[in-house]
Amino acid sequence: MEGRRATRRTLSPDPKVRAFATLLGFWLLAAPALCSGQTFTSFHPERRDWLFNHLTVHQTTGALYIGAVNRVYKLSGNLTLLVSHDTGPEDDNKACYPPLIVQPCSEPLVSTNNVNKLLLIDYSQNRLLACGSLYQGVCKLLRLDDLFILVEPSHKKEHYLSSVNQTGTMYGVIVPSQGQDGTLFIGTAVDGKQDYFPTISSRKLPRDPESSAMLDYELHTDFVSSLIKIPSDTLALVSHFDIYYVYGFASGSFVYFLTVQPETPENSMSSSGSSSDLFYTSRIVRLCKDDRKFHSYVSLPIGCVKNGIEYRLLQAAYLGKPGRILAASLNISAQDDVLFTIFSKGQKQFHRPPDDSALCAFTIRDINARIKERLQSCYQGEGNLELNWLLGKDVQCTKAPVPIDDSFCGLDINQPLGGSQLVTGHTLYTETRDRMTSVTSYVYNGYCVAFVGTKSGRLKKIRVDGPPHGGVQYETLVVIKDGSPVLRDMAFSLDRSFLYVMSDRQ
């Protein structure tokens with residue numbers, strides 16, 4: 001991998017829908033309009049191999065924050081560097097377990113890059129959470145104004161979140177609390193270290209950055225905890241088993257994660273089988289925001305279908321608003337949440353997904369309805385919990401006379417709960433040759449416009465009308481001229497005049 005670039009570009013309006021954009025990767029591009037004859041300005045990291053991994057835009061100031069290899073950057077909206085913070089390299093060894101910060105390590109230490117794995121703005125406390133791959137995954141809390149280190153928790157086992165270098169396998173959601181400490185929900189790939197890293201957990205985010213409770217589990221006792229771990233029996237059955245967290249968000253009283261993971265069928269599977277032989281399932285996981293015992297954990301498969309073709313390999317997602325036109329076609333309010341997703345065809349080749357891909361939309365209302373139906377059937381004693389990777393066996397649902405309403409947060413029975421009935425989205429647009437890799441959206445004049453990045457470095461502008469018409473592609477622009485893919489993270493500037501997009505130079 002040679003490098004990543006970042007670009008800024010402004011997209012021209014068409015007669016019906018106006019839109020704007022900017023792009024980002026190894027260098028950041030700035031240019032006017034989605035039309036021919038544009039010029040680009042660029043922003044380069046110090047070294048070509050210090051790749052950009054994540055980006056986010058502050059919703060009030062418009063400042064752009066970038067998590068990269070060995071660096072966190074703060075840029076102005078026009079890509080002027082304001083300040084940078086060094087996160088590496090430092091001497092480390094991935095075999096130091098627990099990390100050498102906790103106890104001495106006999107393994108040889110070498111200069112090691114720190115790959116940014118998580119970048120989240122904690123708006124309520126004016127700080128940035130930046131987590132990397134060094135020392136089994138240490139996080140920092142940085143002051144938003146100048147990236148000054150507020151705290152770097154490192155003295156407890158739960159402070160280390162994920163040492164996996166691969167980006168796009170970890171996602172976090174911050175849930176603020178009015179006048180109280182916030183909560184961090186985090187899902188991460190564990191890379192076989194299931195005893196050390198939970199696959200999903202919730203942690204404390206005290207207002208005081210020097211609090212000794214920073215990043216502690218919300219609840220952790222011998223009997224119940226705010227976490228779920230992958231059992232060792234599952235790794236013995238499927239040696240390549242892991243859960244990859246592609247996206248996460250909060251909506252209403254719930255937190256959601258979108259994952260991709262190998263299936264664990266009832267019949268035995270050889271642990272020597274290669275990862276390319278596995279079938280994968282994309283799933284949506286839901287938890288109540290205030291559920292410290294994780295009794296509300298529900299996981300259902302998610303995907304979409306077009307002309308009999310199943311799209312089941314999740315590539316990217318974005319939570320947005322539908323606008324008046326799309327809302328009418330989906331029979332929801334223009335203020336309801338809609339989940340826009342990119343799926344590749346099939347259920348194999350997760351690490352090398354097919355080019356045949358689809359842009360799909362799910363209403364959060366419909367997702368919640370499917371979850372409610374699953375809860376109601378299980379609490380009526382129908383079927384099993386259907387979570388083989390976690391439970392290791394079929395466990396019968398227990399009949400219990402409890403009302404399951406829209407805000408039900410589980411009990412100490414029938415939990416955690418899985419399912420096999422697919423939550424199916426509305427297929428809006430398909431692409432057979434140039435795999436779609438990223439998505440974001442915004443509303444203009446009642447219309448919902450989706451911007452979709454592709455494997456070959458193109459940006460598609462699609463007016464999303466919803467069923468039965470789907471989406472109408474208005475423009476396509478080559479934004480990465482060497483044909484590198486547009487990566488998952490994309491974000492609009494505060495005034496919607498730019499769209500920041502990460503690209504990857506192979």
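A disulfide is here a pair of cysteine sulfur atoms within 2.5 Å. In this predicted model, Cys96 and Cys105 meet that criterion, with an S to S distance of 2.1 Å. The torsion about their S-S bond is about -90 degrees, so this disulfide is left-handed.

With bonded cysteines counted along the chain, their pattern reads 1-2, 3-4, 5-10, 6-7, 8-9.

Another of these links joins Cys288 to Cys409, with S to S 2.0 Å. Cys288 belongs to strand E19 and Cys409 to the loop between H4 and strand E24 (423-424), so the bond ties together parts that are 121 residues apart in sequence. The link is left-handed, with -100 degrees about the S-S bond. Cys288 counts as buried because its relative accessibility is 1%, while Cys409, at 26%, is partly exposed.

The loop between H4 and E24 also holds Cys397, which is paired with Cys378 of helix H3 (residues 364-379), 19 residues apart. The sulfur atoms of Cys378 and Cys397 lie 2.1 Å apart, and the torsion of -105 degrees about their S-S bond makes the link left-handed. Both of these cysteines are buried.

The lining comprises 20 residues, and Arg283, Glu386, Asn388, Gly419 and Ser420 lie nearest the centre. By class, 6 of the lining residues are nonpolar, 8 polar and 6 charged.

The structure also contains 5 cavities of 30 Å³ or more. About 130 Å³ of space lies in the largest cavity, which is lined by 16 residues, with Thr87, Asn114, Gly132, Val138 and Lys140 closest to its centre. Strand E10 (127-131) and strand E11 (139-143) each supply at least two residues of this lining. The lining of the largest cavity has 9 nonpolar, 4 polar and 3 charged residues.

The second largest cavity has a volume of about 50 Å³. Its lining includes Asp92, Lys94, Tyr135 and Asn165. By class, this lining has 2 nonpolar, 6 polar and 2 charged residues.

Notes: Residues are numbered from 1 along each chain as its sequence is written. This is a predicted model: local features need pLDDT of at least 70, side-chain atom pairs count only at pLDDT 80 or more; totals for chains, interfaces and linings use all residues. Side-chain values use heavy atoms; hydrogens and water are left out. On a 1 Å grid over the protein atoms alone, a cavity is a set of points where a 1.4 Å probe fits but cannot get out, and a pocket is an open set with protein on both sides within 12 Å along at least five of seven lines; lining residues have an atom within 4 Å of a point. Ala, Val, Leu, Ile, Met, Phe, Trp, Tyr, Cys and Pro count as nonpolar, Asp, Glu, Lys and Arg as charged, and the others, Gly among them, as polar. Grid points are joined across faces, edges and corners, and a volume is the space filled by probe spheres set on the points. Helices (H or I, at least four residues) and strands (E, at least two) are DSSP runs, numbered from the N terminus. Buried means under 20% relative accessible area, exposed over 50%, partly exposed in between (1.4 Å probe, protein chains only).
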